[in-house]
Amino acid sequence: MAALGTVGESIRIVLVDDENLVRAGLRMILESDPRIDVVGECADGRSAVSMVAELSPDLVLMDIRMPVMDGLTASEALLRASPEQKILVLTTFNTDDMVLSALRMGASGFLLKDTPPAELMEAINQVAAGRTMLSESVTRQLIAVAGSRPESTRRNAALERLAVLTEREREIAAAMARGSSNQEIAEELFISLATVKTHIGRVLDKLDADNRVQVALCVFESEDR
């Protein structure tokens, strides 16, 4: 995958959606930004797995409900083959199971198809830069889901996972759950950016998490709501 953040480098994207009109609309929106290059598109998950293996895009914009192979199954296959692959789920469906399944398997974000174009573009840039992105409604849903689960199946397990973290690492995890950027964490905790990155790496490693969203889920589930 191309290194991002360098002047002149584009974000290479594969679009995956079974509706031709949706793909055409997304392509038009995305290619209005000269930094984005839609390198391929397909209509089902199985084709997506083959196309991504061939093209090695920076980011996959993935629908969930599709024929042949659904987006969740395709995302799982892609992340199993390449854990660093960035996948942004974009769908009309936001049921609890779908959201949690997509994020737990390592998707970098989850947006609804009614997301305004400007927010979609911002999400793509954030995910391409290595951050995670959730729509406001999805974030509220995650908090509600975490809070509605019985403590025996939710809070104790999450607390046990977080117990391996040092006090500073727990502060870092809490900041990650709030959606704070590395720079914001550094300023909040009065530490260097390099130290923040080191702590984040340790948090991800100790929690066996692939990204910030999975850390946020653990933190949400540990809280007594």
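**Salt bridge notes**

I started with the accessibility of R23, which is buried at a relative accessible area of 9%. I am working from a predicted model. I then looked up its partner: the side chains of R23 and E41 form a salt bridge, 2.9 Å from N to O. This pair joins distant parts of the chain, with R23 in helix α1 (residues 20–30) and E41 in strand β2 (residues 36–42), 18 residues apart. E41 is partly exposed, with a relative accessible area of 28%.

I checked what else connects to this pair. R23, R27, E31 and E41 are linked in a network of salt bridges.

Next I looked up K113. Its salt bridge is with D63, and the closest N and O atoms are 3.6 Å apart. K113 is in the loop between β5 (109–112) and α5 (117–128), D63 is in the loop between β3 (59–62) and α3 (71–81), and the two are 50 residues apart. I noted D63 as buried, with a relative accessible area of 4%, and K113 as partly exposed, at 25%.

The next entry is E169 and K206, whose side chains meet in a salt bridge at 2.8 Å, N to O. I found E169 buried, at a relative accessible area of 3%. K206 is partly exposed, at 37%.

How many salt bridges does a search of the whole structure find? I recorded eight.

Definitions and conventions:
Residues numbered from 1 in each chain as written. Predicted model: local features only at pLDDT ≥ 70, side-chain atom pairs only at ≥ 80, totals over all residues. Heavy atoms only, no water. Salt bridge = Lys/Arg side-chain N within 4 Å of Asp/Glu carboxyl O. Helix = DSSP H or I, 4+ residues; strand = E, 2+ residues; numbered from the N terminus. Buried < 20%, exposed > 50% of the residue type's maximum accessible area, 1.4 Å probe, protein only.
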